[in-house]
Amino acid sequence: EDLHSHDAQMRMRELAQHAEIEPASLMFEITERGLMAPEKARNVLLAVRAGGFRMAIDDFGTGHSNLSYLATYELDFLKIDKMFVDTLGTEAPTSLVTFHIIDLARSLGMQVIAEGVETETQRDILQARGVQYAQGWLFGRPMSIQELQGFIAQVGPGVRHASVSP
């Protein structure tokens, strides 16, 4: 619903200013469901992008996939859902879908984030295919806000994200 609100960009800019974070350091993750009403979402997305925020389509391929979403909206990242990542390194037919999603994102000039990476094999396959970012239990388990604060204090303020690289 935030995607259909005309004050979403203004609210996000206020939050970024309050937290003293540059908009380019923040990413909006949008589900495909949020893009199903392009007449409502397009102007909000354009305003958010104009404000310097980055945009990602989350869980691509699991909802009401429509390739026109990728061409209609200026998105920075495409997030591959865990259900596709789970098939990497297996003979499952859907493992090929993962490679097609990566190729599609690359052809549209988008970066790729793989969700749910749990094994080194998955990481290595994704890295070999040129996936720029990954998230999952291989890199870190869910943690409380207190644990997260301790982790950030330990790694230092310069670490903002982790890439697929080991």
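## Where to begin: serine 95

In which helix does serine 95 lie? The answer is helix α5. Please keep in mind as you look around that this is a predicted model.

Serine 95 has a relative accessibility of 8%, so it counts as buried, given that the cut-off is under 20%. Its side chain reaches the backbone oxygen of alanine 92 at 2.8 Å. Leaving aside neighbours within four places in sequence, serine 95 is in contact with Thr87, Leu88 and Thr90.

Threonine 87 sits in the loop between α4 (82-85) and α5 (94-107), and with a relative accessible area of 11% it is buried. What does its side chain reach at 3.2 Å? That is the backbone nitrogen of serine 95. The threonine 87 side chain also reaches the backbone oxygen of phenylalanine 84, at 2.7 Å.

Setting aside neighbours within four places in sequence, threonine 87 is in contact with Ala92, Thr94, Ser95 and Thr98.

## The overall layout

Stepping back, you will find 7 helices and 5 strands in the protein. Starting from the N terminus, the elements follow the order α-β-α-β-α-β-α-α-β-α-β-α. Of the 166 residues, 36% are buried. If you take the contacts between residues at least 6 apart in sequence, 61% of them join residues at least 24 apart.

## Core and surface

The largest nonpolar core contains 31 residues, and Leu75, Leu78, Ile80 and Leu126 are those with the most contacts inside it. Helices α1 (8-19), α2 (38-50), α4 and α5 each give two or more residues to this core, as do strands β1 (27-31), β2 (54-60), β3 (77-80) and β4 (111-114).

## Salt bridges

How many salt bridges does the structure hold? There are 8. One of them pairs glutamate 115 with lysine 79, the closest N and O atoms being 3.3 Å apart. Glutamate 115 lies in the loop between β4 and α6 (120-128) and lysine 79 in strand β3, so this pair ties together parts 36 residues apart in sequence. Both partners count as buried: glutamate 115 has 9% relative accessibility, and lysine 79 has 1%.

Lysine 82 takes part in a salt bridge with aspartate 86 (2.8 Å, N to O). Lysine 82 is partly exposed at 30% relative accessibility, and aspartate 86 is partly exposed at 36%. Lysine 82 also forms a salt bridge with glutamate 118, where the closest N and O atoms are 3.3 Å apart. Because glutamate 118 lies in the loop between β4 and α6 while lysine 82 lies in helix α4, this pair ties together parts that are 36 residues apart in sequence. Glutamate 118 is partly exposed, with a relative accessible area of 36%. Elsewhere, salt bridges that share partners join Glu29, Asp58, Lys79 and Glu115 into one network.

Technical notes: Residues are numbered from 1 along each chain as its sequence is written. This is a predicted model: local features need pLDDT of at least 70, side-chain atom pairs count only at pLDDT 80 or more; totals for chains, interfaces and linings use all residues. Side-chain values use heavy atoms; hydrogens and water are left out. Helices (H or I, at least four residues) and strands (E, at least two) are DSSP runs, numbered from the N terminus. Buried means under 20% relative accessible area, exposed over 50%, partly exposed in between (1.4 Å probe, protein chains only). A polar contact is a pair of N or O atoms within 3.5 Å; within protein, one must be able to donate a hydrogen and the other to accept it, and residues adjacent in sequence count only if both atoms are side-chain atoms. Contact means heavy atoms within 4.5 Å. A nonpolar core is a set of buried Ala, Val, Leu, Ile, Met, Phe, Trp, Tyr and Cys residues joined through side-chain atoms within 4.5 Å. A salt bridge is a side-chain nitrogen of Lys or Arg within 4 Å of a carboxyl oxygen of Asp or Glu.
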